[in-house]
Amino acid sequence: MSEQEKQAAGAMDMECYRIGQVLQPVEAAALSQPDRGLAVVWTMREEQLLPAGVMPPSVRGARFCKAERRKECLCGAMVIPGREPFGYAITGDTVVFQDSGGTVRPCLKQIAKEQSWREPGLGIFLYDVWELLTSDDLKQLSELERRITKLENTVLSGVSGAFHQNLMAVRRKVMVYVRYYAQMADMIYKFLENGNGYFSQEDLRLFQLFRERIGRLGEEAQNLREHCLQVWELFQAELDLRQNRIMKVLTIVTTVFMPLTLLVGWYGMNFHNMPELSWEHGYLAMILVSGLTVFLTIWLLKKKKLW
């Protein structure tokens, strides 16, 4: 494939938007004028079409959110739970997303369709993209909370089933969100540093608002983590309670039949001078004595509220 064919194929798979009072789709040729605010989404290796210095880092194998300040740009990656990771690179007037998994494209289309800005800029554009990317997070956390509550009710009802596997699965998802929000907070902090000087004070204010939102979501995820721990402790307490009940039953049975064991051992010696052995009503007497012993033992346990 010739260089011109590669560029044509790359341009077909790339979306360009102009950041103005609305997010307006433009042709890829607008990359030759990167001083008017651009947001570029690409999925192939179209670096030959991009302005110099705005190449996002590769997201292949990316496992966490990050931001890196370089001499020519601010770049990094976002790894959102349940979505494909994507990379980004930002200069003073251009944002480039490497979005092979289709995570950012729907957000840009929604912004272009529904959003408008009185004072357009790079900061409010990024803020709206981040807002859309995290718009379902509270719903996801609420679903995890519902599952944890369901497991808690299962424990209280005495039906354990596959409790361990279910709780561990929920706990792993909660931990994913806990780490995700911590990484996002660190990433936004890099934006707040504004080491490249790309952002205005209004942009930094919006970033701080989003960081506070991420902090609240992180606290919610931490609460779910603690809820998982409480449910686990409740399960352990229920297990201990069941074991105590079993031990109580065994202890009562042992206490009831211990006097009978004494009688069996006593009269099992078979001495010749034991008159009860040759007594005509000895067998009936032993039945009555054994029954009376059991009755008195149970009565004493009930009276002492041990049973």
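**Salt bridges, a covered helix and a nonpolar patch**

Glu-143 and Arg-146 sit 3 residues apart, about one turn of the helix, and both belong to helix α4 (residues 137-156). Helices here are DSSP runs of H or I with at least four residues, strands are E runs of at least two, and both are numbered from the N terminus. The model is a predicted one, with local features needing pLDDT of at least 70 and side-chain atom pairs counted only at pLDDT 80 or more, while totals for chains, interfaces and linings use all residues. Residue numbers run from 1 along each chain as its sequence is written, and side-chain values use heavy atoms, with hydrogens and water left out.

For accessibility, buried is under 20% relative accessible area, exposed is over 50%, and partly exposed is in between (1.4 Å probe, protein chains only).

The structure holds 8 salt bridges in total. One of them pairs Arg-105 with Glu-15, the closest N and O atoms being 2.8 Å apart. Arg-105 is in helix α2 (residues 105-114) and Glu-15 in strand β1 (residues 14-19), so this contact ties together parts 90 residues apart in sequence. Both ends are tucked away: Arg-105 is buried at 15% relative accessible area, and Glu-15 is buried at 18%. Another pair is Lys-66 and Glu-68, at 3.6 Å between the closest N and O atoms. Here Lys-66 counts as partly exposed at 28%, as does Glu-68 at 30%.

Helix α3 (residues 122-133) checks out geometrically: its 12 residues should span 16 Å at 1.5 Å a residue, and the end C-alpha atoms are 17 Å apart, which agrees. The expected span is 1.5 Å times one less than the number of residues. This helix is mostly covered, with 9 of its 12 residues buried, among them Phe-125, Tyr-127, Asp-128 and Trp-130.

Elsewhere, Leu-292, Phe-295, Leu-296, Trp-299 and Leu-300 make a nonpolar surface patch of about 520 Å². Patch members have over 30% relative accessible area and no salt bridge; like charges are joined within 9 Å, and nonpolar side chains (Val, Leu, Ile, Met, Phe, Trp, Tyr) within 5 Å. Areas come from the Shrake-Rupley method with a 1.4 Å probe, and for residues only the protein chains shown count as cover. Leu-300 lies in helix α8 (residues 282-303) and is partly exposed at 44% relative accessibility.

Terms used. A salt bridge is a side-chain nitrogen of Lys or Arg within 4 Å of a carboxyl oxygen of Asp or Glu.
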